[in-house]
Amino acid sequence: MKHGEVIILEKKSKKLVNGKDKWVRPALEIGGILAFVWATMIFMFLVIEEFVVPITEDDFSSSESFLRSLVQVGISGGLAAGWLYFWHLLTSVYVQKVGKILRKT
Amino acid sequence: MLLGFEPLQLFFLFFSSFIVCFVLTPIVMRKMKQVGIVGVDVHKTDKPEIPEMGGLSIVFTLIFGSFLSVVLFSEYFEEVMVFLAVVLIAAFVGIIDDLRGLNALLKPFLLVLACIPVILSGLYSPHPAFPFIGKTRLTIIYFVLIPLVVAVPANAANMIDVLNGAMSGTCAIIAGTVLVCSLILDSEVGLLLSLILFASLLAFWYFNRYPARGFAGDTGSLSVGAALGGIAVVGSVEIVVLVAMMPLIMNSFYILASIGGLKERREIERPTYLMPDGYISATENPKAPLTLTRIFLIRRPLKEGEILKGFYLLALVSAVLAIMTALLIP
């Protein structure tokens, strides 16, 4: 790629983010939050698959199968609640940070 | 063959549902204007009066599409009828809300009733599939969660319907995504129902897009949301619908969190205001709810059309994530 082409590309991308298409920046930022939240959700499923699902009858007697299910659902539910809180926290931090930057300028 | 369906029959179902909604929508909108059921478009400087309850055409199309799919694919009679019952209950709640206005607490409660056909028919599988884990056994928990699976999407679709074409456009993308994911996950019922919903939403969006010629009203938004919830349960594509609806859920979650629960519309401060040049700006009132539109406008005021483009981009991001989720389910 030639130097002139790079400058044109840079100008185009700046225009896309700051210029005429002003809606792209907030959409990409909120989209980024959603993608990150999705990635943590997938990670949560991996953790459940690795550590919660393998809780087997060995850890509980056969009469305690209900208790085993309860422990599995409890841990998974706790993780899901933590994930929701993380999503809430991430968006709150984003809103506060952007608000602070704007107040400074 | 597509999951045991003849592609030509599926195309016929899609095309006829699209045409029915495309023909019905302007008729319904004209009738609503004649009887004086109109709403003011608050995001336009000239404050035009736009026909409300246009979403009735979506409900009529879903009825038509459901009966046509029963004729074409009779083996899914029960699933399609349960889906239709869910949509009709939500539409009934929407009609009351549009005509009389419902209490902020009563509306979600009435929407919970929309899950009754699902519970009574027993046409749900308490084995939702998750990425990596696969099918799980959540017999009791799933039963407890069914009311939420219908009421939450219905309220989420209702809460996003604040700009021209916001609900119809984003929900059309979601329905299209569920269609693709149903193909990936081999869900015949999911494919059939999302196809009808996708066709009707595409046709409706044409009239509802910016600048809108008609509003969907609570009738439209509640029935579309309930339809998505119904597809999630009856078609066993719960996690995919959840991911595809992330921007809508984020919007309703933040509204409820910032105003501290369910409140009457007149008790809630406006999160945005219209500037004289036609730009929409976020309010600095700390009592106003934190909506997705307000988050969008934190940096600078934008025109309604620009905010909508951003909403569609967000829905597309969620669509990609939902398809990736479907691919990760073993």
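Which hand does the crossing of H7(B) and H13(B) have, left-handed or right-handed? The crossing is right-handed. The legends below describe a predicted model.

**View 1. Helix H7 packs against helix H13 in chain B.** H7(B) spans residues 166-184, and H13(B) spans residues 304-328. Their axes lie 9 Å apart and meet at an angle of about 15°. Angles under 35 degrees count as roughly parallel, so H7(B) and H13(B) are roughly parallel to each other. H7(B) contributes Ala166(B), Gly169(B), Thr170(B), Ile173(B), Ile174(B), Thr177(B), Val180(B), Cys181(B) and Ile184(B) to the contact. From H13(B) come residues including Leu308(B), Phe311(B), Tyr312(B), Leu316(B), Ile323(B) and Leu327(B). Also on H13(B), Ala315(B), Ala319(B), Ala322(B) and Ala326(B) take part. The contact holds 16 nonpolar and 3 polar residues, with no charged residues.

**View 2. Helix H8 of chain B also packs against H7(B).** H8(B) covers residues 188-208. The angle between H7(B) and H8(B) is about 155°, and their axes are 8 Å apart. Angles over 145 degrees count as roughly antiparallel, which makes H7(B) roughly antiparallel to H8(B). This crossing is left-handed. On the H7(B) side, the contact residues include Cys171(B), Ala172(B), Ala175(B), Val178(B), Leu179(B) and Leu183(B). Gly169(B), Gly176(B), Ser168(B) and Ser182(B) are also among them. H8(B) supplies, among others, Leu191(B), Leu195(B), Phe198(B), Leu201(B), Phe204(B) and Trp205(B). Asn208(B) of H8(B) belongs to the contact too. By class, the contact of H7(B) with H8(B) has 14 nonpolar residues, 7 polar residues and no charged ones.

**View 3. Chain A meets chain B.** Here 23 residues of chain A contact 27 residues of chain B. On the chain A side, the elements giving two or more residues are helix H2 (24-52) and helix H3 (65-104). H2(A) provides the largest share, 13 residues. The side of chain A that touches chain B comprises 16 nonpolar, 4 polar and 3 charged residues.

**View 4. The fold of chain B holds 13 helices and 6 strands.** Chain B has a radius of gyration of 19 Å, close to the 20 Å that the globule rule gives for 330 residues, so it is as compact as a globular protein of that length. Its C-alpha atoms fill a box of roughly 55 × 40 × 35 Å along the principal axes. Of the 330 residues in chain B, 54% are buried. Among contacts in chain B with a separation of 6 or more, 75% join residues 24 or more positions apart.

Technical notes:
Residues are numbered from 1 along each chain as its sequence is written. Chains are lettered from A and ligands numbered from 1 in the order in which they are written. This is a predicted model: local features need pLDDT of at least 70, side-chain atom pairs count only at pLDDT 80 or more; totals for chains, interfaces and linings use all residues. Two residues are in contact if their C-beta atoms, placed from the backbone, lie within 7 Å. Helices (H or I, at least four residues) and strands (E, at least two) are DSSP runs, numbered from the N terminus. Ala, Val, Leu, Ile, Met, Phe, Trp, Tyr, Cys and Pro count as nonpolar, Asp, Glu, Lys and Arg as charged, and the others, Gly among them, as polar. The radius of gyration is taken over C-alpha atoms; the globule rule is 2.2 Å times the number of residues to the power 0.38. A residue is buried if 20 or more other C-beta atoms lie within 10 Å of its own, exposed if 12 or fewer, and partly exposed in between; C-beta atoms are placed from the backbone. Axes are lines fitted to C-alpha atoms, for helices over the stretch in contact, and angles run from 0 to 180 degrees between N-to-C directions. Angles under 35 degrees count as roughly parallel, over 145 as roughly antiparallel, 65 to 115 as roughly perpendicular and the rest as oblique. A crossing is left-handed if the near helix is turned anticlockwise from the far one by less than a right angle, and right-handed if clockwise.
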